[in-house]
Amino acid sequence: MFLPTTSEEIKKLGWKQLDIILITGDAYVDHPSFGVALIGHYLFSKGYKVGIIAQPDWNSDKDIKRLGRPRLFFGITAGNVDSMVANYTASMKKRKIDDYTPGGTSGKRPDRATIVYSNLVKRFFPNVPVILGGLEASLRRFAHYDWWVNRVRKSVLIDSKADLLVYGMAEKTILRISQILEKYADLDRCKQLPGVVWWTSRKPESGIELPSFEEISEDKIKYAEAVKLQLSSTDHLKNVVLYQKQDNRYIVQNPPEKPLDQTELDNLYLMDFERKTHPYYESMGHVPAIETVQFSITSVRGCFGQCSFCALSCHQTAHVVSRSDESIIEEARKITRHPDFKGIITDVGGPTANMYGTSCNVRDSKGTCRKFCLHPEICSSIQMNHAKYIDLLEKLRQIKGVRYVFVSSGIRHDLALSDPEGEHFIKELVNYTPGQLKLAPEHAHPYVLKLMRKPPVELFLEFKRKFEKHARHQGKNRYVIGYFIVAHPGETLRENNYLKNFINEKLGYHPQQIQIFTPSPGTISTAMYYSGIDPFTHERIHVEKSLKVRNQMKKNLFK
């Protein structure tokens, strides 16, 4: 069912008042890949009356008031991506298209949407608690470098005047907050929960103190140190409290909530999603973002790839949880009954599809290590299971009504090459690739790849050779297409030319998927960009900050 987004829908359900109202910077698409729909249905499944206001007009009260006053709280998210990334290109120009908006229209979400929406709620509902969540809030929870204004900003919790912030995927945390407010109506009790960020005027008695807002604003090396401490200490098995002084207040991060286990993840994705845009928003125009995900299936959550530039792995953590075969197959059967389904499951994956079924005894018992799981080489503690993933795909393909099953999520080719079962995986992957397999070597120069925490480009070429060989033997036209990033910290025109020569000599075509690095909050690469050093080695790094040169680096690859 759709969660209500108008007062008329609330009346049809026989509800007098909502318990919780969720506000999002995306259109309301009732699909599990949209965070607000996932959280909304989860809370609804636990007995709460939940409504959604999507992309409210922030210059008036007409949208923010249309569902009335919630009994417990407002939950606010900027949407599936950081609002500044959604609104601006890597050349600092306003985007003309927003795939998460009806009609693909730009300008329907404000810059720094989390702050704007929170202030809007506080203006018209001053006594109702406001809880922040989602990717934007999660990665801006401490003082952070904001590329769009080229300075360090305070925690989004301070700027938004919200009451609490939940970070990470947050299903269990937001449920516990709901239960506490339901039973005690006491926000202070919520400040003891894992997965919560809050502020206080008193310095915490225990925990790790990060360099202050003032320190990291004046000393870029301190900023890099703060990011390193955040990333290395935020693990539920380490049980560490982090705090940071900002003016006369302290931002306090409680230890993370434990990730959902397999049963919890199974149940979450088997909730009744419509897999459509809510009619209220569909009437304003088609939402492009639904096209690629409508009949996709999430099989795995979390990623231990820990690429320096990846915000999603910071948000979902390095702890990988895989769903059961039975749950995924049940979801696929439900999809076959959808009126719009044409027989194609477009993806079975997650942040990294072939991490399905993998495990690590060290990470699962002690938390993430000081070293990286896949860099500079794959850790021997990782137990891969490509055979299990291929078996799952085959089972899905046998379901009545399913004509094709594809893998569209990213895969780690280095993982596949290092697994004894990897050759079979590469061979079978040909059958689950719709024409082109898109891989992300990201660059070719060894130095830039080292800073990105990505494998040597020779492994990309080896995987490409094997995949295309198997495709030829099967009589299929299947090719590997590379994704690349330019202007990442460490890249000069010399490394850029190295990448250009690699593409010309080894690929023989001009790739379509070339991005200019955008320093989004919370990542290692952004710390490199701002500080000019690698936070983990303190090695000094060249950083290209000229927009003109950054754009030229992209253009150079097409010459």
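**Strand β4**

I started with the side chains of β4: Phe-73, Gly-75 and Thr-77 point one way, Phe-74 and Ile-76 the other, and all are buried. Buried here means under 20% relative accessible area, with exposed over 50% and partly exposed in between, using a 1.4 Å probe and protein chains only. In a regular strand the side chains alternate between the two faces of the sheet. I noted that β4 spans residues 73-77 and is mostly covered, with 5 of its 5 residues buried.

I then recorded the ground rules. This is a predicted model, where local features need pLDDT of at least 70 and side-chain atom pairs count only at pLDDT 80 or more, while totals for chains, interfaces and linings use all residues. Numbering runs from 1 along each chain as its sequence is written, and side-chain values use heavy atoms, with hydrogens and water left out. Helices (H or I, at least four residues) and strands (E, at least two) are DSSP runs, numbered from the N terminus.

**Partners of β4**

I looked up the pairing next; two strands pair if DSSP finds at least two bridges between them. Strand β1 (residues 20-24) runs parallel to β4 and is joined to it by 5 bridges. Ile-20 stands opposite Phe-73 in β4. Strand β5 (residues 130-132) also pairs with β4 in the parallel sense, over 3 bridges. Phe-74 has Val-130 in β5 as its bridge partner.

**The whole sheet**

I traced the order of the open sheet of 9 strands: β3-β1-β4-β5-β8-β9-β12-β11-β10, with mixed pairing. β3 (50-54) and β10 (208-210) stand at the edges with a single partner strand each, so one side of each has no neighbour in the sheet. From one strand to the next the twist averages 25°. Helix α10 (residues 220-233) packs on the sheet and touches β10 and β11 (242-246). The direction of α10 makes about 145° with that of β10. I also checked β8 (residues 164-166) against β9 (residues 196-200): they pair in the antiparallel sense over 2 bridges. Val-166 stands opposite Val-196 in β9.

**Helix α23**

How many residues of α23 are buried? I found 8 of 8 in this helix (residues 524-531), which is mostly covered. Among them are Met-528, Tyr-529 and Tyr-530. The cover includes β6 (144-146), β7 (151-153), α9 (213-218), α10, α20 (446-452) and α24 (547-556). Gly-532 follows α23 and has a positive phi, near 80°.

**Helices α19 and α21**

I took the axes as lines fitted to C-alpha atoms, for helices over the stretch in contact, with angles from 0 to 180 degrees between N-to-C directions. The axes of α19 (residues 422-429) and α21 (residues 457-473) come within 8 Å and cross at roughly 55°. The two helices are therefore oblique to each other; under 35 degrees counts as roughly parallel, over 145 as roughly antiparallel, 65 to 115 as roughly perpendicular and the rest as oblique. In contact (heavy atoms within 4.5 Å), Glu-423, Ile-426, Lys-427 and Leu-429 of α19 meet Phe-463, Lys-466, Phe-467, Lys-469 and His-470 of α21.

**Phe-463**

Phe-463 counts as buried because its relative accessibility is 0%. Leaving out residues up to four places away in sequence, Phe-463 touches Ile-411, His-413, Ala-416, Leu-417, Ile-426, Leu-429, Leu-437 and Leu-439. Pro-535 is 72 residues from Phe-463 along the chain, and their C-alpha atoms are separated by 31 Å.
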